[in-house]
Amino acid sequence: MIFKNSDKLQFVLDDFVAKKEAAGLNLLVCKDGKEIGYWESGLADVAAGKPYSRDTIVRLYSMTKPVTAAAAMVLMEEGRLDFAEEVFRYLPEFGGLKVCSEPGRKGTPRPVSRHILISDLLNMTSGYTYGAWSEDCPLGEHLTSDLIAELNKDQAENGPNKITTREVARRLSEIPVSFEPGTDYNYGLSADILGAVIEVASGMKFSDFLKKRIFEPLGMKDTAFYVPQDKQNRLAKVYRAGGELFTYCNLGIQDKMNHEPAFESGGAGLCSTIDDYMKFALMLANGGIYEGRRILSENTVRYLSEARLTPALQTRFDMKMPHLAGYTYCNLLRVAANPGNCNVITNKGEFGWDGWLGPYVSVDRESGITIVMTMQRCDSGTTSAARKVRNIIYSAL
């Protein structure tokens, strides 16, 4: 099957580049596990005139989170991870956790009423954020910003590169959360703590577990926490909207991705290609199996598409994530709960996520449509290009 409205999709990509919304981007679409089209536009390196192509390697940022969630599901299936257990059962340093919801750096922390559960890490209800956005943010958010700044220096070119995945979790355990765990939703560093939990539960380094249990079985040969020298020429540059080159570390993730990081971020650290990530997405679309290699059970994948926040937490999510109207958030994924309220055409249970630099994934088991898009534009998340292409695809199929 070949997608009949190919020219419309190409126009969206070309228009996005022409307006300097991104230097380059690409799109891959499958139906019932079969590719129905691939499109690309623009440049991966503007100064060098290098085209954005199918083998371009990109930084996934938050599209790392679904991979981390899948790794947690593998351990859950094996009885090595219990989502209802407290995090301190795996990382004892979280046993003394405190909370401080007062505004400003001078708040007074107090012991939490209930500890963070593994499910809180998966559902972003832990109380950890991505730092302070204003002076009125609670103490813990300011301290989180300080830690992220330290991570950026540690990962910068010629930086020490000594702060490990487990050390990040330990440092976070000393920071008071911004609300009582399980009582609110706030997007943040929960998946990075989960990466440390996975190390303890598996007895393996996080990257080694992902490689052994997900990447190698799926044939994801270009997916890792860094890009080796022989592949560096395929790594896309990062640009701001408008075309300015961006060369800084963000969220503790290196820009050049040229060395194995001490901090393997479960929330933002992976690099990949559009074909590699499509293999992961098709595994989920096909009920946990890809080309004969089973990663997860059918029931586990069904659980991903059927998971929902409680009504009280859903109200908080709706308030904080209005652009995801109609969706809920569970297991480090957006999940379409009320398709009629969504701002895109979709089906109930469609799930996926996006990233800071604009990569986007959508898995819809009802329609059989699986979409992966990549780009490298700062402050993107779900872009208008992603919404436009999926509306074209859904209206045509």
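This is a predicted model: local features need pLDDT of at least 70, side-chain atom pairs count only at pLDDT 80 or more; totals for chains, interfaces and linings use all residues.
Me: Let us start with open spaces. What volume does the largest pocket have?
Reply: The largest pocket holds about 600 Å³ of space. It is lined by 22 residues, and those closest to its centre are Y130, W133, Y187, L251 and W356.

Me: Which classes of residue make up that lining?
Reply: The lining of the largest pocket has eight nonpolar, 10 polar and four charged residues.

Me: And the second largest pocket, what is its volume?
Reply: The second largest pocket contains about 430 Å³ of space. Its lining has 22 residues, with K211, T223, A224, F225 and Y226 closest to the centre.

Me: Which helix gives the most to that lining?
Reply: Helix α7, residues 206–218, gives the most, with five residues. By class, the lining of the second largest pocket consists of 11 nonpolar, three polar and eight charged residues.

Me: Which residues line the largest cavity?
Reply: H323, L324, Y327, R334, N343, V344, Y360, T382, R387 and R390 form its lining. They divide into four nonpolar, three polar and three charged residues.

Me: How many charged residues does the lining of the second largest cavity have?
Reply: That lining has no charged residues; it has five nonpolar and four polar ones. Among the residues that line the second largest cavity are Q155, F225, M257 and F263.

Me: Q155 is in helix α4, I think. Which residues of α4 are buried?
Reply: The buried residues of α4 are L139, G140, E141, H142, T144, L147, I148, L151, N152, D154 and Q155. They pack against α5, residues 165–173.

Me: What span should α4 have, and how far apart are its ends?
Reply: Helix α4 covers residues 139–155, and at 1.5 Å a residue its 17 residues should span 24 Å. The C-alpha atoms at its ends are 25 Å apart, which agrees.

Me: Changing topic: how many disulfides are there?
Reply: A search of the whole structure finds zero. C137 is in no disulfide, and the nearest cysteine sulfur, that of C100, is 12 Å away.

Me: What does P103 contact?
Reply: Leaving aside neighbours within four places in sequence, P103 is in contact with D136, C137 and P138. P103 lies in the loop between β5 (98–99) and β6 (110–111).

Me: Is P103 buried or exposed?
Reply: P103 is exposed, because its relative accessible area is 59%. Its C-alpha atom is separated by 36 Å from that of V344, 241 residues apart along the chain.

Me: Last one: where is N347?
Reply: N347 is in the loop between β13 (333–336) and β14 (351–354). At 18% relative accessible area, N347 is buried. Not counting residues up to four places away in sequence, N347 touches A336, P339, D364, E366, S367 and Y394.

Note on methods. Residues are numbered from 1 along each chain as its sequence is written. Side-chain values use heavy atoms; hydrogens and water are left out. On a 1 Å grid over the protein atoms alone, a cavity is a set of points where a 1.4 Å probe fits but cannot get out, and a pocket is an open set with protein on both sides within 12 Å along at least five of seven lines; lining residues have an atom within 4 Å of a point. Grid points are joined across faces, edges and corners, and a volume is the space filled by probe spheres set on the points. Ala, Val, Leu, Ile, Met, Phe, Trp, Tyr, Cys and Pro count as nonpolar, Asp, Glu, Lys and Arg as charged, and the others, Gly among them, as polar. Helices (H or I, at least four residues) and strands (E, at least two) are DSSP runs, numbered from the N terminus. Buried means under 20% relative accessible area, exposed over 50%, partly exposed in between (1.4 Å probe, protein chains only). Contact means heavy atoms within 4.5 Å. The expected span of a helix is 1.5 Å times one less than its number of residues. A disulfide is a pair of cysteine sulfur atoms within 2.5 Å.
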